[in-house]
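Visitor: I am new to this structure and would like to understand the words used to describe it. Please show it to me, and let us then go through the terms one by one.

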Amino acid sequence: MDAILTGIAQAVFHFLDLEVILLVVAGVLLGLTIGVIPGLGGLATLALLLPFAYGMEPVPALALILGAYSALYFGGSITAILLNTPGTGEQVVTTFDGYKMTQQGKGARAL
């Protein structure tokens, strides 16, 4: 039990590092940007970020990739809802109701 609590404490300590927080924010912004482009998805983003991650320490590299990957699907939902153009197969479902709400002037609520 002590090993688990020690591991959790170390993870929290690593996450509270300013570099890691900034890399998560940069990853989220990058993930949103790539997610908005139709046709690019999770694997393309990982392929684009991999060269940057090799030159970094493990925790900041994982923070960058995790931030980007978690924001990808919301970025893809933006084009699926507002433009009826899903970027990947996961966003097709959001076009059914989201685009109809956009046509009714409720696009912000659909997002």
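Visitor: Why is Asn-84 called partly exposed?

Guide: The relative accessibility of Asn-84 is 38%. Buried means under 20% relative accessible area, exposed means over 50%, and partly exposed is in between, with a 1.4 Å probe and protein chains only. Asn-84 therefore counts as partly exposed. This is a predicted model, in which local features need pLDDT of at least 70 and side-chain atom pairs count only at pLDDT 80 or more, while totals for chains, interfaces and linings use all residues. Residues are numbered from 1 along each chain as its sequence is written, and side-chain values use heavy atoms, with hydrogens and water left out.

Visitor: Where is Asn-84 placed, and what is its phi?

Guide: Asn-84 is placed in the loop between α4 and α5. Helices are DSSP runs of H or I with at least four residues, strands are runs of E with at least two, and the numbering starts from the N terminus. The phi of Asn-84 is positive, about 60°, although Asn-84 is not a glycine.

Visitor: What makes helices α4 and α5 oblique to each other?

Guide: Helix α4 covers residues 58-83 and helix α5 covers residues 92-103; they pack at an angle of about 55°, with their axes 6 Å apart. The axes are lines fitted to C-alpha atoms, for helices over the stretch in contact, and angles run from 0 to 180 degrees between N-to-C directions. Angles under 35 degrees count as roughly parallel, over 145 as roughly antiparallel, 65 to 115 as roughly perpendicular, and the rest as oblique. The two helices, α4 and α5, are therefore oblique.

Visitor: Which residues make the contact between α4 and α5?

Guide: From α4 come Ser-77, Ala-80, Ile-81, Leu-82 and Leu-83, and from α5 come Thr-94, Thr-95, Gly-98, Tyr-99 and Thr-102. Contact means heavy atoms within 4.5 Å. By class, the contact of α4 with α5 has 5 nonpolar residues, 5 polar residues and no charged residues. In this classification Ala, Val, Leu, Ile, Met, Phe, Trp, Tyr, Cys and Pro are nonpolar, Asp, Glu, Lys and Arg are charged, and the others, Gly among them, are polar.

Visitor: How do you know whether Thr-95 is buried or exposed?

Guide: Thr-95, in helix α5, has a relative accessibility of 10%, so Thr-95 counts as buried. The side chain of Thr-95 also reaches the backbone oxygen of Val-92 at 2.5 Å. Not counting residues up to four places away in sequence, Thr-95 touches Ala-80, Asn-84, Pro-86 and Lys-100.

Visitor: Is Thr-45 called buried or exposed, and why?

Guide: Thr-45 lies in helix α3. At 1% relative accessibility, Thr-45 is therefore counted as buried. Leaving aside neighbours within four places in sequence, Thr-45 is in contact with Ile-34, Ala-68 and Leu-72.

Visitor: What makes a set of residues a nonpolar core?

Guide: A nonpolar core is a set of buried Ala, Val, Leu, Ile, Met, Phe, Trp, Tyr and Cys residues joined through side-chain atoms within 4.5 Å. The largest such core here has 7 residues: Leu-23, Leu-49, Ala-53, Ala-61, Leu-64, Ile-65 and Ala-68. The elements that give two or more residues to this core are α3 (42-54) and α4, and α4 gives the most, with 4 residues. Within the sequence limit of leaving out neighbours up to four places away, Ala-53 is in contact with Ala-61 and Ile-65.

Visitor: Why is Leu-62 not called buried, but given another word?

Guide: Leu-62 lies in helix α4. With a relative accessible area of 58%, Leu-62 is therefore exposed.

Guide: Gly-39 lies in the loop between α2 (18-36) and α3. The relative accessible area of Gly-39 is 58%, so Gly-39 is exposed.

Definitions and conventions
Polar contact = N/O pair within 3.5 Å; in protein donor to acceptor, adjacent residues only side chain to side chain.
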